[in-house]
2 protein chains.
Amino acid sequence: MGNPGKPRPVAPADSGRRMQMADLARLAGVSTSTVSRALSGSELINPETRERIRTLARKFNYTINSVATGLRSGVQRTIAVIVPFEKASRQSFADPFLHGMIGSLADALTERGYEMLLSRIDADQLDTVAALIDSGRAAGVILIGQWRHHDQLNAMAARGLPLVVWGAHLPHQDYCTVGGDNVRGGRLVAEHLLAQGRRRMVFLGDCGLPEVAQRYRGFTAGLRAGGVGLPAQQRRTVPFLAESGRQAMLALIDANPALDAVFASSDLLAMAAVGALRERQRQVPADVAVVGYDDVELAAHFNPPLSTVRQPIHEAGTALVDALLLMLNGKTAPASALLETRLVVRESSQSAPAP
Amino acid sequence: MGNPGKPRPVAPADSGRRMQMADLARLAGVSTSTVSRALSGSELINPETRERIRTLARKFNYTINSVATGLRSGVQRTIAVIVPFEKASRQSFADPFLHGMIGSLADALTERGYEMLLSRIDADQLDTVAALIDSGRAAGVILIGQWRHHDQLNAMAARGLPLVVWGAHLPHQDYCTVGGDNVRGGRLVAEHLLAQGRRRMVFLGDCGLPEVAQRYRGFTAGLRAGGVGLPAQQRRTVPFLAESGRQAMLALIDANPALDAVFASSDLLAMAAVGALRERQRQVPADVAVVGYDDVELAAHFNPPLSTVRQPIHEAGTALVDALLLMLNGKTAPASALLETRLVVRESSQSAPAP
DNA sequence: ACGCAGATTGCAATCGATTGCATTAAGTTT
DNA sequence: AAACTTAATGCAATCGATTGCAATCTGCGT
């Protein structure tokens with residue numbers, strides 16, 4: 001190192017350009033072929049040479065340029081995770097459920113040696129997703145939520161893009177989804193609320209989104225089985241945003257002063273609903289029972305602790321990643337998966353209503 | 001969509017390997033040079049030829065391979081965003097504050113034409129971060145939180161790695177940070193609680209983390225100015241996890257039955273604290289005032305709405321990205337930035353204590 | 001001393017796009 | 001009609017690492 005009289009300090013710590021294999025080869029007095037093989041642990045290289053080169057690499061913080069490697073080998077170990085948002089509402093990224101999902105995906109990808117490119121994309125320009133693949137920046141795409149773009153997703157699948165979607169399984173679907181059993185989830189909530197003696201329910205959520213629509217379907221089916229209806233003034237279309245949830249809930253209270261239960265299509269909305277109920281002096285759960293969806297971490301620590309339908313986020317991440325990798329290897333689109341879904345009853349929906 | 005008689009839907013559009021520039025050149029009857037120039041809009045190319053090639057490219061969904069481009073040009077438009085976690089507690093990714101930060105960074109990066117590589121990394125192996133840069137997978141790194149690794153970060157900065165950290169500004173710091181004014185934040189909370197007539201405070205948070213330590217310093221300084229102390233049994237070291245927060249708060253209540261205020265070093269902990277207080281039949285804010293930190297979106301919708309110190313998350317994302325880009329261009333590490341910090345008083349700390 | 005096996009190492013082509021320079025074709029000048 | 005512009009396009013080197021094949025060297029058998 002501190003050799004006096006160096007003609008040109010090749011790359012001190014790194015004053016100039018990044019060190020590359022040729023530099024290391026020069027330093028070691030061998031060819032780049034040898035360096036390459038030494039670093040990859042090839043048996044062809046003399047163990048002593050190998051060790052010498054590796055030591056040198058470590059000493060100079062040399063790491064193989066993975067752009068070059070990627071070009072040469074043609075393999076790409078990056079997966080794009082796309083969180084679509086709706087321009088109108090800037091909706092989506094605020095939901096804690098997404099957060100959990102992203103964390104779970106990050107873990108699953110890391111475990112399998114992949115990197116995660118995270119991107120928010122305007123839901124109306126989903127086709128830019130295809131460019132991620134076509135340009136080789138990602139090997140595959142995991143899309144969180146299908147939103148209102150079923151047909152576009154089918155088109156992308158038809159083009160053979162390696163794509164897996166977290167969301168609902170729909171009829172005429174050519175792409176692969178992984179999701180919870182939303183219909184069952186909705187039905188479980190209905191049954192639970194009915195069992196608690198509730199009758200005048202309201203529903204919060206945007207049925208334009210397939211997952212929400214399924215939850216709604218299960219919910220109303222469950223209610224119908226118990227002889228309870230859900231007329232239009234007891235529903236409200238609302239994006240997954242706390243403030244929107246609050247507004248919608250206030251309106252629902254005003255339109256249905258006697259309501260005794262709320263089913264919100266996400267925990268975030270449920271929490272906002274609790275706030276709105278409180279503003280209107282309704283006690284949860286004494287006056288009104290509230291049930292959410294997702295079972296985000298905070299649900300258990302909310303005040304009151306929130307009853308909710310659990311989405312198995314950890315399994316979800318694993319299942320999404322595995323499905324995508326299968327697709328990348330096998331070329332055969334794996335079947336869509338339906339994950340277990342169960343109701344977690346906590347305080348917010350427990351006690352009987354005041355008659 | 002439901003097209004009957006599809007032979008094999010696997011990959012009709014491009015059966016086989018990905019189309020590349022040479023293919024397109026052949027189709028257009030020109031050389032790759034011409035295609036390259038046509039697609040990049042060079043004036044050298046005949047407008048008609050240019051348009052013809054572009055149309056062809058669109059028709060075949062051809063997108064320039066950005067791995068090859070990246071290799072040739074040597075520029076990398078990917079920034080790594082690192083969320084360190086502590087192996088012991090799996091701590092960190094659960095915090096909604098992080099979620100907001102990631103969203104904000106994603107927006108700021110996208111706006112400037114960069115991609116975001118998101119990675120969770122064991123805080124004890126921060127050096128793997130350097131490999132991201134050395135291997136050319138990312139042009140720079142944004143690290144969320146400095147955790148207990150001030151020295152390692154200094155070492156990385158000394159190596160000249162383009163690195164910006166969200167966190168506290170510390171003495172003897174060679175890397176660039178962007179962060180809120182934590183000392184001021186802590187002091188504001190102290191002053192507010194004192195003004196509400198509270199005297200028996202407790203503090204929740206891990207002072208091993210520089211940001212928390214500064215909040216604590218500001219808090220105790222503020223209390224001292226009001227003649228109030230904070231003996232050891234009124235503090236609790238706790239990671240940013242809801243369940244840990246609950247446990248710690250329960251312990252604090254038992255150790256200080258007469259407490260009348262809580263300062264939690266994050267909103268997540270504050271929410272967990274409210275839950276614990278509720279378990280012990282303490283009213284918030286009547287019996288005990290609670291103040292959090294961060295002002296996550298949910299804070300305003302919590303029950304009761306949570307008083308908290310606002311961290312300007314949007315500015316933070318912008319500032320972090322801008323600082324990093326400056327570093328990448330100018331080669332000169334920009335000065336660390338301190339963002340505005342202010343107290344948001346909501347219901348959880350409002351009314352006077354029962355005397 | 002010659003030939004050959006085995007162990008190491010180097011040469012050069014390759015991955016896909018870009019770009020300086022050369023080349024060709026068409027048009028203009030004298 | 002020769003000389004010369006100008007416009008449009010192609011050739012070939014380049015980015016940094018990998019790898020099939022060839023080259024070199026050592027040692028050994030005879």
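**DNA contacts and chain interface**

A: Begin with one atom pair: an N or O atom in the side chain of Ser33(B) lies 2.8 Å from a base nitrogen of DNA strand D. That is a polar contact, a pair of N or O atoms within 3.5 Å; within protein, one must be able to donate a hydrogen and the other to accept it, and residues adjacent in sequence count only if both atoms are side-chain atoms. This is a predicted model, in which local features need pLDDT of at least 70 and side-chain atom pairs count only at pLDDT 80 or more, while totals for chains, interfaces and linings use all residues. Residues are numbered from 1 along each chain as its sequence is written, chains are lettered from A and ligands numbered from 1 in the order in which they are written, and side-chain values use heavy atoms, with hydrogens and water left out.

Q: Which other parts of DNA strand D does the protein reach?

A: A side-chain N or O atom of Thr34(B) is 2.4 Å from a phosphate oxygen of DNA strand D. From chain A, a polar side-chain atom of Thr69(A) is 3.2 Å from a sugar or linking oxygen.

Q: Which residues come nearest to DNA strand D?

A: A residue counts as near if one of its heavy atoms lies within 4 Å of the strand. Of the 24 residues around DNA strand D, Met21(A), Tyr62(A), Arg72(A), Thr34(B) and Arg37(B) come nearest. Sugar and phosphate make up 61% of the atoms of DNA strand D within 4 Å of the protein. Helix 2 of chain A gives the most to this surface, with four residues; helices (H or I, at least four residues) and strands (E, at least two) are DSSP runs, numbered from the N terminus.

Q: Which residues come nearest to DNA strand C?

A: Thr34(A), Arg37(A), Arg72(A), Tyr62(B) and Arg72(B) come nearest, out of 23 residues around DNA strand C. Here helix 2 of chain B gives the most, with four residues. A base nitrogen of DNA strand C lies 3.5 Å from a backbone N or O atom of Ala68(B).

Q: How is the area between chain A and chain B read?

A: The size of an interface is often given as the accessible area lost when the parts come together. The value uses a 1.4 Å probe and is summed over both parts. Chain A and chain B bury about 5,300 Å², 54% of it from carbon and sulfur atoms. His99(A), His301(A) and Asn303(A) supply 13% of the area that chain A buries against chain B, more than any other three residues.

Q: How many salt bridges cross it?

A: The rule asks for a side-chain nitrogen of Lys or Arg within 4 Å of a carboxyl oxygen of Asp or Glu, and it finds six between chain A and chain B. One of them joins Glu347(A) to Arg278(B), with the closest N and O atoms 2.4 Å apart.

Q: Which strands pair across the two chains?

A: Strands of a sheet pair through backbone hydrogen bonds, either parallel or antiparallel. Pairing requires at least two bridges found by DSSP. Strand 2 of chain A and strand 2 (residues 115–122) of chain B run antiparallel, joined by three bridges. Leu118(A) has Met116(B) as its bridge partner.

Definitions and conventions: Buried area = accessible area lost by both parts, 1.4 Å probe.
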